[in-house]
Amino acid sequence: MLWIFASRPINGGIEIRRVGETRGFHPPYGWLCVGLILLLTNNHAAASIPCLPLPEIQQRLGQLARGWHSILAMETGYAPPPSYNVCQLKNGLPFADHQLKRIYIRGLASENDEITLAHEYLHLAFSHHPRGHDEVFIEAMARQLVRVQ
Ligand SMILES: [Zn+2]
């Protein structure tokens with residue numbers, strides 16, 4: 001059994017910790033709770049969070065995405081979403097809802113926020129391809145896009 005816990009620290013980097021990998025390994029109860037909460041957050045809770053629109057950030061993302069298009073067009077699996085919404089995130093980690101085509105983000109005040117916005121946009125733009133679930137690819141591409149703009 002393999003237990004992996006991933007989180008995005010404030011600096012926008014990715015931290016993936018391999019917690020335990022041996023057969024018969026029993027993680028403490030608290031870890032299981034954290035894992036379950038992450039699972040629920042990723043799969044179910046998103047659909048129930050109402051969208052408080054962030055029209056200025058959505059407009060900015062539209063401009064950025066047009067600029068990124070020529071770079072992304074060369075990437076396997078790229079399929080820009082025809083429509084999507086940028087929504088205010090009240091708490092928790094920024095994320096993209098593939099089904100509802102929504103990006104939940106806190107704001108756009110720093111370069112790290114721009115990387116986060118690009119990161120979540122890329123999850124939507126590659127949502128029909130395995131790369132859309134590859135956090136290392138998504139984060140590296142997000143940083144590349146923000147650097148070249
Ligand atoms: Zn991600």
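A residue counts as partly exposed when its C-beta neighbours within 10 Å number between the buried cut-off of 20 or more and the exposed cut-off of 12 or fewer. Lys101 has 14 such neighbours inside 10 Å, so Lys101 is partly exposed. All views below come from a predicted model.

**View 1. Lys101 sits in the loop between β4 and β5.**
The backbone is the point of this close-up. Phi of Lys101 is near 55°. That is a positive value in a residue other than glycine.

**View 2. The protein chain contains four helices and five strands.**
Read from the N terminus, the order of elements is β-β-α-α-β-β-β-α-α. The chain has 149 residues, and 21% of them are buried. Take the contacts between residues at least 6 apart in sequence: 54% of these join residues at least 24 apart.

**View 3. The largest nonpolar core holds 25 residues.**
Ile103, Ala118, Tyr121, Leu122 and Ala142 touch the most other members. Six elements are listed as each supplying at least two core residues: α2 (55-72), β3 (85-88), β4 (95-97), β5 (102-105), α3 (111-125) and α4 (135-148). Helix α3 gives the most, with seven residues.

**View 4. Ile103 is one of the core residues that touch the most other members.**
This view leaves out residues up to four places away in sequence. Tyr121 is itself among the core members with the most contacts to other members.

**View 5. Helices α3 and α4 pack at an angle of about 125°.**
Their axes are 8 Å apart. The angle makes α3 oblique to α4. The crossing is right-handed. From α3, the contact uses Glu111, Glu114, Ile115, Ala118, His119, Leu122 and His123. From α4, the contact uses Ile138, Glu139, Met141, Ala142, Arg143, Leu145 and Val146. By class, the contact has eight nonpolar, two polar and four charged residues. Ala118, Leu122 and Ala142 from this contact are also among the core residues that touch the most other members.

**View 6. Ala125 lies in helix α3.**
Is Ala125 buried or exposed? Ala125 is buried, because 26 other C-beta atoms lie within 10 Å. Setting aside neighbours within four places in sequence, Ala125 is in contact with Leu72, Tyr78, Ala79, Pro80 and Pro81. Ala79 is 46 residues from Ala125 along the chain. The C-alpha atoms of this pair are separated by 5.2 Å.

**View 7. Arg66 lies in helix α2.**
Arg66 has 10 C-beta neighbours inside 10 Å, so Arg66 counts as exposed. Pro80 is 14 residues from Arg66 along the chain. C-alpha to C-alpha, Arg66 and Pro80 are separated by 9.8 Å. Pro80 is also one of the contacts of Ala125.

**View 8. Thr76 is found in the loop between α2 and β3.**
Why does Thr76 count as exposed? Thr76 has 8 C-beta neighbours inside 10 Å, so Thr76 falls in the exposed class. His129 is 53 residues from Thr76 in sequence. In space, their C-alpha atoms are 8.4 Å apart.

Notes
Residues are numbered from 1 along each chain as its sequence is written. This is a predicted model: local features need pLDDT of at least 70, side-chain atom pairs count only at pLDDT 80 or more; totals for chains, interfaces and linings use all residues. A nonpolar core is a set of buried Ala, Val, Leu, Ile, Met, Phe, Trp, Tyr and Cys residues joined through C-beta atoms within 7 Å. Two residues are in contact if their C-beta atoms, placed from the backbone, lie within 7 Å. Axes are lines fitted to C-alpha atoms, for helices over the stretch in contact, and angles run from 0 to 180 degrees between N-to-C directions. Angles under 35 degrees count as roughly parallel, over 145 as roughly antiparallel, 65 to 115 as roughly perpendicular and the rest as oblique. A crossing is left-handed if the near helix is turned anticlockwise from the far one by less than a right angle, and right-handed if clockwise. Ala, Val, Leu, Ile, Met, Phe, Trp, Tyr, Cys and Pro count as nonpolar, Asp, Glu, Lys and Arg as charged, and the others, Gly among them, as polar.
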